[in-house]
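User: Could you take a close look at the aromatic rings in this one and walk me through how they sit together? I'd like the geometry and the surroundings in one go.

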Amino acid sequence: MHLGALAVFEPAPGVTSRELLDLLGARAAAIPRLRMRVRDVLLPVGGAAWFTDKDFDVHRHVKRVVLAEGDFMAEATRLAGELMEQPLGRGLPPWQMYLLDSAGGGPFAVLVKLHHALADGMRAVAIGAGIFDQIASAGAGRGQVRRRAPVPPRSWLPGPYEAAGMALDRLGDVGRALGVGASVVRASRLDLRAGTALTARSSGTRRLATAELDAEAVQRIRRAEGGTANDVLLAVVAGALRRWMLERGESLPGADPRALVPVSRRRPGGAATGNKLSGYLLGLPVGEPDARERLRLVRTGMDRNKAAGPLRGAGAVAVLADQLPALAHRFGAPLAGNAARMLFDILVTSVPLPRSALSLGGCPLRAVYPMAPLARGQALAVALSTYGGRVQVGLVADGKALPDLDQLASAVHEELHELHTLLPTVPAPA
């Protein structure tokens with residue numbers, strides 16, 4: 001359940017690998033969340049909590065790896081896949097950063113690897129952004145210490161009105177949990193369609209591939225066809241899967257593969273830690289041969305999901321974590337992880353990034369390829385982010401189930417081009 005990103009930078013004159021490594025270490029050490037690790041607690045029974053690691057040493061987490069000579073992106077993505085599959089020990093804060101460069105200079109990359117327990121997607125972006133010059137300097141300008149107004153002492157026993165409110169809230173939580181649980185049961189599939197690439201048995205290996213799309217082309221399609229940019233990208237993923245399956249000689253599934261589309265429930269000023277996620281379930285219309293019709297079907301499905309809201313439906317299974325006691329988590333999490341394939345076949349998520357130009361030690365950021373986690377029984381996750389006028393696509397796959405992941409990355413680019421050329425009076429993207 002690792003997530004992260006591969007950030008690619010252009011070199012700057014006079015900046016050495018040693019300086020970049022030291023800078024990464026200093027900035028990572030200044031992020032409080034990265035000093036936290038998990039420890040078991042006595043109460044609640046079966047529970048665990050985050051604690052500051054008193055023996056924290058950033059050098060255990062930030063390392064440099066020299067790439068072999070050859071194509072930089074090919075070597076960087078190959079190594080990133082290998083590094084993402086290595087487990088993170090529970091005795092340390094669950095994250096790693098790797099500076100990936102070559103002995104001869106040229107572009108370099110930073111691989112950020114976090115366990116999903118440490119942060120959800122939006123929180124991971126906030127943590128990872130702390131390494132950039134612009135974010136780090138803004139934080140330093142605001143100062144590290146903010147004094148809060150003193151909180152008056154109060155009894156640990158709730159008053160009658162507060163107790164009644166807590167009881168009503170708890171009843172509401174139970175009602176929501178029952179509703180989501182019923183939706184999960186109704187949506188679960190007992191025919192797991194074994195034998196397809198997307199539902200292959202997990203091997204524990206990881207492979208990474210990347211693609212880049214023209215963000216302006218995505219917006220032109222959105223303006224012409226309606227819906228959102230995310231609808232367009234979901235339709236592109238559906239078309240790319242269709243193209244890839246046909247090219248590899250695989251029969252198209254009788255039922256559309258189901259995508260889990262995460263939805264953040266994080267709000268400005270809300271809790272900084274933990275995961276605040278829900279999700280939508282969307283059938284990806286790979287059986288539809290017409291690209292514009294695929295987009296219409298995706299838009300209709302997402303409109304239906306949004307009308308129901310992120311706290312209803314089987315895709316909101318993640319909100320059940322907020323309603324269950326710690327002991328149920330301890331015993332239920334392995335079962336839930338194994339049951340993920342009963343609900344969905346693929347994860348497709350969009351990761352928001354800062355719009356301003358970013359750099360590390362004066363080296364301009366060229367691209368950020370996000371990487372989403374793979375649940376047990378899942379063979380493919382697709383993450384998308386927009387930076388510098390381009391949509392960067394990170395494909396994470398089980399290495400044995402999808403050895404031809406590069407072909408799927410090419411299909412993503414080809415699908416956007418085809419969809420764009422189908423629009424009337426709109427020139428094709430370069």
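Analyst: Let's start with Phe 108, which is buried, with a relative accessible area of 4%. Keep in mind that this is a predicted model. Phe 9 is buried as well, at 0% relative accessibility. A ring pair comes down to the distance of the centres and the angle of the planes. By the ring-pair rule, you get two aromatic pairs here. In one of them, Phe 9 and Phe 108 are stacked, with 5.1 Å centre to centre and 10° between the planes. That pair ties together distant parts of the chain: Phe 9 belongs to strand 1 (residues 2-9) and Phe 108 to strand 6 (residues 108-115), 99 residues apart.

Phe 9 also pairs with Phe 132: the ring centres are 6.2 Å apart and the planes are at 50°, so this pair counts as tilted. Again distant parts of the chain are linked, as Phe 132 is in the loop between helix 3 (121-128) and helix 4 (133-142), 123 residues from Phe 9. Put together, the ring pairs join Phe 9, Phe 108 and Phe 132 into a cluster.

Arg 33 lies over the face of Trp 50, 4.4 Å from the ring centre, while the charged end of Arg 39 sits over the ring of Phe 51, at 3.8 Å from its centre.

Of the contacts between residues at least 6 apart in sequence, 76% join residues at least 24 apart.

Conventions
Residues are numbered from 1 along each chain as its sequence is written. This is a predicted model: local features need pLDDT of at least 70, side-chain atom pairs count only at pLDDT 80 or more; totals for chains, interfaces and linings use all residues. Side-chain values use heavy atoms; hydrogens and water are left out. Contact means heavy atoms within 4.5 Å. Rings of Phe, Tyr and Trp (its six-membered ring) pair if their centres lie within 6.5 Å; planes under 30 degrees apart count as stacked, over 60 as edge-to-face and the rest as tilted. Helices (H or I, at least four residues) and strands (E, at least two) are DSSP runs, numbered from the N terminus. Buried means under 20% relative accessible area, exposed over 50%, partly exposed in between (1.4 Å probe, protein chains only). A charge sits over a ring if NZ of Lys or CZ of Arg is within 6 Å of the ring centre and within 35 degrees of the ring normal.
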